[in-house]
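Let's take a friendly walk through this protein, helix by helix and then strand by strand. Have a look at the picture before reading on.

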Amino acid sequence: MRRIATFAAALGACWIALTAASAPPLAARQSLEAGVLARINYARQHPREYAQQLREYRSYIHDGILFLPGDENGIYTREGRSAVDEAIDFLESLAPLPALTEGQILSLAARDHADDQGRMGYEGHVSSDGANPGERVKRRGGDSFVAESISYGFADADAVVRQLIIDDGVPDRGHRKLLFTGDFRYAGVGCAEHRRLRYLCVVDLSGTANGAPVIPQWAKARGAQTFTYRGN
């Protein structure tokens with residue numbers, strides 16, 4: 001009898017702030033994190049080309065089960081091809097967006113959460129000590145105007161980003177919406193091993209490199225400035 005692997009779906013609710021197991025070897029971790037950001041940027045800058053890649057991916061789903069080349073076990077999906085079709089339609093209606101620049105503070109905060117969740121085997125956007133994404137960014141010297149998406153189960157950049165974009169089983173497609181929010185110009189990615197779900201990748205996004213609020217041009221013209229939070 002063919003064994004069917006289960007699929008670790010990403011969380012349904014993406015946290016937005018407006019006011020592990022041991023980590024993998026450093027080189028592999030950094031490569032995965034850089035790959036995730038690169039794939040996100042490719043999808044933002046070339047949405048129609050990414051949609052075409054999803055068409056090929058769609059062909060590997062049969063009766064709700066994904067059989068990628070070389071995988072004899074298969075992975076259950078929740079919505080089958082319908083979620084992929086919706087993602088394709090979304091991407092084809094989208095104008096290209098600017099690439100996201102890595103924000104060091106965002107990356108450090110994302111990695112902090114990946115390490116914590118991976119070690120504890122937790123899921124969600126709240127750390128084991130109760131901190132939310134904005135508070136984690138503040139701890140690293142930034143501010144709280146950030147959004148966060150998390151992928152579970154994959155140590156491959158293509159699979160991580162594809163999971164977030166298709167958003168299978170997530171009714172509001174919150175992960176997808178965050179990745180394609182035009183006001184976000186910076187992101188930080190943190191990945192780690194997860195004691196229950198194998199791997200996770202945290203993506204923190206913001207309009208600024210440090211999570212500070214974006215100041216409108218008219219306010220800048222009058223001398224308004226952002227500040228970096230330094231704690232109590």
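Predicted model: local features only at pLDDT ≥ 70, side-chain atom pairs only at ≥ 80, totals over all residues.

## Where α2 meets α6

In α2, the residues Y50, L54 and Y57 meet V161, R162, I165 and I166 of α6. A contact here means heavy atoms within 4.5 Å, and helices are DSSP runs of H or I with at least four residues, while strands are runs of E with at least two, numbered from the N terminus. Sorted by class, the contact of α2 with α6 has 6 nonpolar, no polar and 1 charged residues. In this sorting, Ala, Val, Leu, Ile, Met, Phe, Trp, Tyr, Cys and Pro are nonpolar, Asp, Glu, Lys and Arg are charged, and the others, Gly among them, are polar.

How do α2 and α6 cross? The axes of α2 and α6 (residues 157–166) come within 12 Å and cross at roughly 95°. Axes are lines fitted to C-alpha atoms, for helices over the stretch in contact, and angles run from 0 to 180 degrees between N-to-C directions. The two helices α2 and α6 are therefore roughly perpendicular to each other; angles of 65 to 115 degrees count as roughly perpendicular, under 35 as roughly parallel, over 145 as roughly antiparallel, and the rest as oblique.

Residues are numbered from 1 along each chain as its sequence is written, and side-chain values use heavy atoms, with hydrogens and water left out.

The protein has a mean pLDDT (the predictor's confidence in each residue, from 0 to 100) of 87, and 82% of its residues reach 70 or more. Over residues 16–23 the pLDDT is below 50, yet this stretch has 29 contacts in the model beyond near neighbours in sequence.

By class, the contact of α2 with α3 has 9 nonpolar, no polar and 6 charged residues.

Helix α6 has another partner: α1 (residues 26–45) packs with α6 at an angle of about 45°, their axes 8 Å apart. The helices α1 and α6 are therefore oblique to each other. Among the residues making this contact are L32 and V36 of α1 and V161 and I165 of α6.

Which order do the strands take? An open sheet is formed by 3 strands in the order β2-β3-β4, with antiparallel pairing. Strands β2 (61–62) and β4 (75–76) stand at the edges with a single partner strand each, so one side of each has no neighbour in the sheet.

Strand β3 (residues 65–66) pairs with β4 over 2 bridges; two strands pair if DSSP finds at least two bridges between them. Here L66 stands opposite I75 in β4.
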